[in-house]
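Subject: Structure for you to look at

Hi there,

Here is the structure I promised to pass on. Have a look at it first, and then read on for what turned up in it.

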Amino acid sequence: MKRVLLGLGSNKAFEGRSPQEILRCACSELERYLSGYSFSSVYKTRAMYVDNQDDFYNMAAIGYVADEADAFDFLTRMNTIEAMYGRDRSKEIRFGPRTLDIDIELFGDEVINHSALQIPHPRIAERAFVLVPAIEILTNSADVLIREKYISCLERLTADNGSEGIIKLGGWQNGDGADRCNDKTRLQGR
């Protein structure tokens, strides 16, 4: 099995759902593609790169896919989930507001450098909003080396930039809140 680490974020409502509800629904969708999954708490963070936008709600997910799983196929699935919850890349500003963003941070031990997909994610070391929830979720993981690497990256960021403005809001249990994500919404993206 390949371990997959995902970073999720939202700062824009969609069809009456708040960014936090969108994250909850995205996790419900991820349960269909990952085995042995876990989700971090949700963190409220200041926007990075484009300052003139609402704060983001970020979290991490970890789980496993079959050894033969293809990273590009998995990316297509993640893009489908994003679209289900209102993401339209053709209408957005790079690093601007979005209803849902799912980044593949790690996909097994694969290293991919393609215009459509880069793994490990090239900006993870500069993003406390990914590192903090990833460290939380990797606490229960057997992969101590990756967790320690992320802790070192976060320590460097904190030393360089001071407080990153990350506020832990809490989370939910796996499978919790699926009732807020009705079948109609699921079908819109299929």
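Before the details, one term: two residues are in contact here when they have heavy atoms within 4.5 Å of each other. Please also keep in mind that this is a predicted model.

Setting aside neighbours within four places in sequence, L30 is in contact with L6, L8, F39, A61, M78 and I81. L30 also belongs to the largest nonpolar core, which has 32 residues. L6, L8, L30, F74, M78, I81 and I104 are the members with the most contacts inside that core. The elements contributing two or more residues to it are β1, α1, β4, α2 (71-84), β5 (101-107) and β7. There is also a second, separate core of 21 residues, and Y43, F129, A134 and C153 are among its members.

Next, the strands. β1 covers residues 2-10, and 9 of its 9 residues are buried, so this strand is largely enclosed by the rest of the structure. In a regular strand, side chains alternate between the two faces of the sheet. In β1, K2, V4, L6, L8 and S10 point one way, while R3, L5, G7 and G9 point the other way, and all of them are buried.

Which strands pair with β1? One partner is β5, in the antiparallel sense over 6 bridges, with V4 standing opposite F107. Another is β4, also antiparallel, joined to β1 by 9 bridges. Within that pairing, L8 has M59 as its bridge partner.

β4 itself (residues 56-65) is mostly covered, with 9 of its 10 residues buried. Two further strands pair with β4:

- β2 (residues 35-39) runs antiparallel to β4 over 3 bridges, and S38 stands opposite I62.
- β3 (residues 42-45) is likewise antiparallel to β4, again through 3 bridges, and here Y43 faces N58. You met Y43 above as a member of the second core.

How many aromatic pairs are there? The count comes to 2. In one of them, the ring centres of F74 and F107 lie 5.6 Å apart with the planes at 50 degrees, so the pair is tilted. F74 sits in helix α2 and F107 in strand β5, so this pair ties together parts that are 33 residues apart in sequence. Are these two residues buried or exposed? F74 has 3% relative accessibility and counts as buried, and F107, at 0%, counts as buried too.

The peptide bond from I119 to P120 is cis, with omega near -10 degrees. P120 lies in the loop between β7 (117-119) and α3 (128-138). The other spot is E15, a residue other than glycine whose phi is positive, near 45 degrees. E15 is found in the loop between β1 and α1 (19-30). Its relative accessible area is 51%, and the cut-off for exposed is over 50%, so E15 counts as exposed.

That is what I have for now. Happy viewing!

Best wishes

Definitions and conventions: Residues numbered from 1 in each chain as written. Predicted model: local features only at pLDDT ≥ 70, side-chain atom pairs only at ≥ 80, totals over all residues. Heavy atoms only, no water. Buried < 20%, exposed > 50% of the residue type's maximum accessible area, 1.4 Å probe, protein only. Helix = DSSP H or I, 4+ residues; strand = E, 2+ residues; numbered from the N terminus. Pairing = 2+ DSSP bridges. Core = buried A, V, L, I, M, F, W, Y, C linked by side-chain atoms within 4.5 Å. Phe/Tyr/Trp six-rings, centres within 6.5 Å; stacked < 30°, edge-to-face > 60°.
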